[in-house]
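Please look over the sequence and the model shown here before reading on. The report then takes up a few of its features one by one.

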Amino acid sequence: MGKKLEEFNAFRSKMNERILGEDNRAIKRFFGVDTLTYEPGKLDVRTKEMLGLVSSMVLRCDDCIMYHIIKCHENGITREEFFEVFSVATTVGGSIVIPHLRRAVAFLDELEGVA
């Protein structure tokens, strides 16, 4: 596991625990809805994660992009499929997505152990 992946997972886990440890019903419910959204339904988990990745890229959220790359990778998305997802996001979001595309590919390379 690469350093960036370890740091991301450690920080995410620590802060999620911290946030959910507060007594805020709205935040807890939002986290619950987020979890429910990515469960299998009429769309499978792979498709939902790819949709999440496109949306995150268009909205330009690097943390969300990293999270969905991890989840897509765990769900067997191939490198070729990733690049199709990246092409949809870039087409929908326009050139402003390109810096996020660069970071997404760098993170995917790290995750896959590509030099």
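## Basis of the report

This is a predicted model, in which local features need pLDDT of at least 70 and side-chain atom pairs count only at pLDDT 80 or more, while totals for chains, interfaces and linings use all residues. Residues are numbered from 1 along each chain as its sequence is written, and side-chain values use heavy atoms, with hydrogens and water left out.

Helix α5 (residues 79–93) has 15 residues and reaches 21 Å from its first C-alpha to its last, close to the 21 Å expected at 1.5 Å a residue; here helices (H or I, at least four residues) are DSSP runs numbered from the N terminus, and the expected span is 1.5 Å times one less than the number of residues. Within α5, F82, V85, F86 and A89 are buried, where buried means under 20% relative accessible area, exposed over 50% and partly exposed in between, with a 1.4 Å probe and protein chains only. These residues lie on the same side of α5, because they cover an arc of only 100° around the axis, the arc being that of the directions from the helix axis to the C-beta atoms.

The buried residues of α5 pack against α3 (45–59), α4 (62–74) and α6 (98–112), with contact meaning heavy atoms within 4.5 Å. On the face turned away from the buried side, α5 carries the exposed residues E80, E84 and T91. Just after α5, G94 takes a positive phi of about 85°.

The structure holds 2 aromatic pairs, counted where ring centres of Phe, Tyr or Trp (its six-membered ring) lie within 6.5 Å, with planes under 30 degrees apart taken as stacked, over 60 as edge-to-face and the rest as tilted. F82 and F86 form a tilted pair, 6.0 Å centre to centre with 35° between the planes. The rings of F83 and F86 have centres 5.3 Å apart and planes at 75°, so this pair is edge-to-face.

Ring pairs link F82, F83 and F86 into a cluster. F83 is partly exposed, with a relative accessible area of 37%, whereas F86 counts as buried at 2%.

## The largest pocket

The largest pocket has a volume of about 700 Å³, a volume being the space filled by probe spheres set on grid points joined across faces, edges and corners. A pocket is an open set of points on a 1 Å grid over the protein atoms alone, where a 1.4 Å probe fits, with protein on both sides within 12 Å along at least five of seven lines, and its lining residues have an atom within 4 Å of a point. The lining has 21 residues, of which R12, N16, D34, C64 and Y67 lie nearest the centre, and α1 gives the most to it, with 6 residues.

Terms used. Helix = DSSP H or I, 4+ residues; strand = E, 2+ residues; numbered from the N terminus.
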